[in-house]
Amino acid sequence: MKRRGVAVLGATGSIGVSTLDVLARHPERFEVLALSANSRIEQLAEQAIRFRPRMAVVSGSDDATRLRDLLSERAPEVTVGHGIDALCGAASDPSVDVVMAAIVGAAGMRPALAAAGAGKTVLLSNKGALVMAGEVFLSASRAGKATVLPIDSEHNAVFQCLPPFWHALDPQSAGQGVARIVLTASGGPFRDWSPERMAGVTPEQACAHPNWSMGRKISVDSATMMNKGLELIEAHYLFGVGPDRLEVVVHPESIIHSMVQYDDGSTLAQLGNPDMRTPIAHALGFPHRLDSGVAALSLPELGRLHFEAPDPGRFPCLGLATEALRQGGAGPCVLNAANEIAVAAFLEGRIGFMQISEVCARVLERQGHGSAGADIEAVEMLDDAARALARETIDSLD
Ligand code: NAD
Ligand code: MG
């Protein structure tokens, strides 16, 4: 069997590390050909020494020099590149079959697009590509004949529960008998906190998720439930379903990862322990099943599962995302940009936890009504303008 060549973009992050863990279990199936990272150069060097990729890519030229030094004795054959062109080059390299797109935020959009345009099997973890540039990403994927497999646990669950003939890039096929898609949300660490208590939340509290271990940005997004809002937008693009057929249910144990309801009254759900190696292994092996290292679920041990409707008053970000989705056009991209800036300001201690949604609401109100960017340059301009307005809005709060 020919081994599949894999590029792991964002290798030093939470998803990247889990991906390498799964890949290391199946050396006969996969060959790691490219790794990328932004700032954790020592960690990337260790990964490169262990997995011996052909390419390792970092953001800055100084870091590339440092990485070359670190690899000079133990892995001199690794070609070190830097910058966005090298990253897109790794994502579209002819030797690469599968690209794990796990760079956080807007920085991940171009490499994901490059992989899609080059017809790769794209394991899409980065939310930015779909939320900022849904139509642009889907048309690049269609043009490149890429296979897009969702990694986000909810979308991966939905993918597993949809009819087997469903295809990521053909929304028509999802329509057949599918009544609703129900995304589950843990509700984050403040699910039952009072609004007064939530106003005083610190970055450390927001980053301590009860069920999942994740990067800081997505941990804050889980705590505000903006993460679920961005996931509604992702689901809309991935599965071709409008906001009226998308629903969120809070399920604090994070055991059911999402559900699909059919016209005949059936609801299919995907369950598992909350560990991202399951969706990663599912997508890496698809359509076959691979060992992921995740323990099997024991329902008797769990005993009970709980569900409740989300509280829109304490989690306004969810409503903002639904609003952006209904608005369409520029809405999702503007919301995503405003949220990235607001979350960064919160993590720096410049704004309070509940002000994240306030900043997003103001930016969406002022800038969310235009049309979506028709190409990547237009998307980036829209994104820049929304970021500038978010910074201005934050300054006016000080
Ligand atoms: P993380 O912060 O742990 O890792 C991010 C990775 O991106 C790192 O390797 C970092 O080096 C790289 N990176 C950051 N900025 C960069 C830049 N400017 N240029 C190039 N590389 C850069 O994040 P994560 O939790 O692994 O999440 C990655 C993506 O997957 C996010 O879009 C997130 O929303 C999504 N996701 C994560 C989880 C999870 O459980 N962690 C679940 C679902 C979806
Ligand atoms: Mg998720």
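**Ligand 1 and the magnesium site**

In this predicted model, a backbone N or O atom of S14 lies 2.9 Å from an oxygen atom of ligand 1, a polar contact in the sense of a pair of N or O atoms within 3.5 Å. I15 also places a backbone N or O atom 2.9 Å from an oxygen atom of ligand 1, and for N38 the corresponding distance is 2.8 Å. On its own, ligand 1 has 820 Å² of accessible area, of which the protein covers 85% (Shrake-Rupley method, 1.4 Å probe).

The shell around ligand 1 holds 21 residues, of which T12, S14, I15, N38 and S125 come nearest; a residue is near if one of its heavy atoms lies within 4 Å. By class there are ten nonpolar, nine polar and two charged residues, with Asp, Glu, Lys and Arg counted as charged and Gly among the polar. Domain 1 (4-151) and domain 2 (171-273 + 296-326) each supply at least three residues of this shell; the bounds come from an automatic or database domain assignment.

The magnesium ion (ligand 2) has D152 (OD), E154 (OE) and E231 (OE) as protein donors, at 2.1 to 2.2 Å. Donors here are N, O and S atoms within 2.8 Å of the metal (3.2 Å for Na, K and Ca), and the site may look incomplete because water is not among the atoms. Along the chain the donors follow the spacing D-x1-E-x76-E. D152 counts as buried because its relative accessibility is 8%, and E154 is buried, also at 8%; buried means under 20% relative accessible area, exposed over 50% and partly exposed in between (1.4 Å probe, protein chains only).

Residues are numbered from 1 along each chain as its sequence is written, chains are lettered from A and ligands numbered from 1 in the order in which they are written. Local features need pLDDT of at least 70 and side-chain atom pairs count only at pLDDT 80 or more, while totals for chains, interfaces and linings use all residues, and side-chain values use heavy atoms, with hydrogens and water left out.

Notes: A polar contact is a pair of N or O atoms within 3.5 Å; within protein, one must be able to donate a hydrogen and the other to accept it, and residues adjacent in sequence count only if both atoms are side-chain atoms.
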